[in-house]
Amino acid sequence: TYGIPRYGEVNPGIFAIATFPFLFGVMFGDIAHGLGLLGIALYLVFHGDRLRAAKSMFAPAVKVRGLLLLMGFFAFFSGLIYNDFVSIPLNLFGTCYKEVKGELKKLPGCVYPFGLDPRWVVAANDLAFINSFKMKLAIILGVSQMSLGVFLKACNAIHFHSLLDFFFEFVPQLIFLMCTFGYMVIAIFIKWSTDWTDK
């Protein structure tokens, strides 16, 4: 349901405040842009009082400096995972692929230490792979956030001793969510954990 929580209900705003910067970072994942936003936020953190005293046009941004700081940090972190620096991959840890007779071969037993291997950029299916990865990640995070909201509904129903809300709102919502999207998350994890080398 939408609206302001009643007295005694779990306030979902607390979870929204905590998850918004992270989800922004996942959507806006880029090392350079994240560092830029992080730099601006750090400037606001350390010089906020001076900006307010000078009645600078940036003074209103001081109120949200903590939010901007987290958004910049998570955008930078997601950029590292995506290995994306203004659409250019960084070769931070080498690669798990080597060129053999004009073809790229994966080194046996090699696992890239963090994020995406920079060699994906030269692959024929690079855009399909990277977009597929980001879409699957978005589905997992989105379903997790929706599940949290449904379980908060259950907590409210239990707290207010409302069996009607529990059995006729929470249970159907949970069944619907798991039947429509939950199975997709399970399928994604099965696909990611399957060794496709010999298949």
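Modeller: The largest pocket holds about 1,000 Å³ of space. The model is predicted, so local features need pLDDT of at least 70 and side-chain atom pairs pLDDT 80 or more, while totals for chains, interfaces and linings use all residues. Numbering runs from 1 along each chain as its sequence is written, and side-chain values use heavy atoms, without hydrogens or water.

A pocket here is an open set of points on a 1 Å grid over the protein atoms alone, where a 1.4 Å probe fits, with protein on both sides within 12 Å along at least five of seven lines; lining residues have an atom within 4 Å of a point. Its lining has 25 residues, and those nearest the centre are Tyr97, Lys106, Trp120, Phe129 and Trp192. By class, 13 lining residues are nonpolar, six are polar and six are charged.

At least two lining residues come from each of β2 (103-106), α5 and α6 (163-193) (DSSP runs: helices H or I, at least four residues; strands E, at least two). The largest contribution is that of α5, with four residues.

Just after α5 comes His161, with a positive phi of about 55°.

Key. Points joined across faces, edges and corners; volume = space filled by probe spheres on them. Nonpolar A, V, L, I, M, F, W, Y, C, P; charged D, E, K, R; others polar.
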